[in-house]
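The stops below go from the whole chain to single residues.

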Amino acid sequence: MLRRSSGMWFRKLWNVNGENFVGFSRLIRRNASGSSRSVIDMAVRDGELRVFIVSGEVSGDTIGSRLMMSLKNLCPVPVRFSGVGGLMMSKQGLKSLFPMEDIAVMGLLELLPHLNRIRVKLLETVEAVLLFQPHVVVTVDSKGFSFRLLKQLRARYNQQRFDAPVHFHYVAPSFWAWKGGEARLRGLAGFVDHVLCILPNEEEVCRSNGLAATFVGHPILEDVLELKSKDTSPHEWKIEGNCEDFRRRHAIPAGAKVISLLPGSRLQEVTRMLCIFANAMGLLKVSLPELVTVIHVAPNQHVKNYVAGITNKWPVPTILIPGGSLHQKYDAFSASIVALCASGTVALEMQLAQLPCVVAYRAHFLTEWIIRYKAKIPYISLPNILMDSPIIPEALFQACTPTNLASLILDLIHDDGLREKQIVAAGKVIRLLCAPARNSDELLEQHQGGRFPHNTPSMIAATAILHQAKP
């Protein structure tokens, strides 16, 4: 078992009502004070803003694409992008140096067979940055590749005495989950100029360890803003898909129980988790003879190919939903009675959909051993961490078996109390993920008549970038 360390730390720094915050205008002035050479000043001087942006996974691709759009909306001069990303970032004008999947590796021991390829891609990326001469370098999550990139860049710029760009990292590393994690933050200050945080505790801890930081809100909230009114308040941030339309389009029988399966976004985790999920569904069809599964497939060609192959022998009727479509995703959630998820951001999507779920996680046995030894919190899913309570059932490591998963799912289907507990907690979790009400005057001065409301995570992040002073 993972050792328990109080998740109340989160809630001390940020209460459920979102009352403890630093005004955004004051925060921007604090980070930009002492110098007129802000990013936006340099962009205006050069007639364009050059942004080198890197994401190594599907969730980061979505975050990166929304940030790119917000930068284009806010910046008074044209924005030119270079870097590494996926389909969503390409739609915003990025021509990726290489496929994002080349650096998408999950785990510790799992990384070893790919080290040489990643080293080559890292060197290629460093050279591309130097050639592009950006005003800003933004890395999105994927801390292994991201921090190596930023560290090497800072060393190269210092060595060659070039005018260095400002370094941003979007999605703070989960220092709060690991023994000694907070102490390691101090080392980032040498090559990271500003951290864009997505959880409420992180800004204060980063700043106390010498890192400029801004809590921008969790990017998952922008799913709501894409599907609902842009003026949606945090208390209305729930997504209701079209259950009837989904069942009709896919000819799902009236009495059938639908379970959504989310096996992850990286090929490595999908191959591991989907086999376990398949066996669990085989066990469930005994108790649920009209079971239908919906597999949400990440927009990753390797994953698509693998899922298409494995579902030829799937034990129950199944529907494949492409990961790039928010409408189809939330329609499927609305039609589902429960979901089975690999650990990750998808657990937060369940909160928005108010769909009860079970979270599962397996890795290389040595990776699991290291996690057991180094982790200082007892949970792996963010809703449980934020609430400091096992709201969502978790099947971790050796406990992640088809038998255990089938049992947890049946309990969730048949116990209304367990389901209601998750639904009630979902509202509290979403409020914790919202950036607080901001003094919007400065933002509105920068952004006249654009497509985003002023307080979305991507708009707050973009504003922090544009107003960041040159180090």
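A residue counts as buried when its relative accessible area is under 20%. By that cut-off, 58% of the 471 residues of the protein chain are buried. The model is a predicted one.

**The whole chain**

Start with a cartoon view of the protein chain, which holds 21 helices and twelve strands. If you display contacts between residues at least 6 apart in sequence, 74% of them join residues at least 24 apart.

**A six-stranded sheet**

Select strands S1 to S6. They form an open sheet with parallel pairing, in the order S2-S1-S3-S4-S5-S6. Its edges are strand S2 (79-84) and strand S6 (213-215), each of which pairs on one side only. Neighbouring strands here are turned against each other by 20 degrees on average, direction ignored.

Now zoom in on residues 49-55, strand S1, and residues 136-140, strand S3; the two pair in the parallel sense over five bridges. Which residue stands opposite Val51 in S3? Val136 does.

Helix H21 lies across S1, S3, S4, strand S5 (194-197) and S6, and runs at about 160 degrees to S4.

**The nonpolar cores**

Hide the cartoon and show side chains. The largest nonpolar core has 106 residues, and those with the most contacts inside it are Ile53, Leu67, Val138, Tyr170 and Leu433. Centre on Leu67. Leaving aside its neighbours within four places in sequence, Leu67 is in contact with Ile53, Val138 and Tyr170, and also with Ser458, Ala461, Ala462 and Ile465. Another core, of 37 residues, lies apart from the largest one; Ala278, Ala280, Val307 and Leu405 are among its members.

**A second sheet to select**

Bring the cartoon back and select strands S7 to S12. These six strands make an open sheet in the order S9-S8-S7-S10-S11-S12, with parallel pairing. Strand S9 (318-322) and strand S12 (394-396) are the edge strands, each pairing on one side only. From one strand to the next, the twist averages 20 degrees.

Within this sheet, look at strand S10 (residues 338-342) and strand S11 (residues 357-361), which pair in the parallel sense over four bridges. Helix H15 (residues 346-353) lies across strand S7 (257-262), S10 and S11, at about 160 degrees to S10.

**Last stop: His296**

Select His296, found in strand S8 (residues 291-297). Is His296 buried or exposed? His296 counts as buried because its relative accessibility is 8%, and the cut-off for buried is under 20%.

Show the side chains of His296 and Ser260: a polar contact of 3.0 Å joins them. Then display what else surrounds the histidine. Setting aside neighbours within four places in sequence, His296 is in contact with Ser260, Leu261, Leu262, Pro263, Ile321, Lys329, Ala332 and Phe333.

Key:
Residues are numbered from 1 along each chain as its sequence is written. This is a predicted model: local features need pLDDT of at least 70, side-chain atom pairs count only at pLDDT 80 or more; totals for chains, interfaces and linings use all residues. Side-chain values use heavy atoms; hydrogens and water are left out. Buried means under 20% relative accessible area, exposed over 50%, partly exposed in between (1.4 Å probe, protein chains only). A polar contact is a pair of N or O atoms within 3.5 Å; within protein, one must be able to donate a hydrogen and the other to accept it, and residues adjacent in sequence count only if both atoms are side-chain atoms. Contact means heavy atoms within 4.5 Å. Two strands pair if DSSP finds at least two bridges between them. Axes are lines fitted to C-alpha atoms, for helices over the stretch in contact, and angles run from 0 to 180 degrees between N-to-C directions. A nonpolar core is a set of buried Ala, Val, Leu, Ile, Met, Phe, Trp, Tyr and Cys residues joined through side-chain atoms within 4.5 Å.
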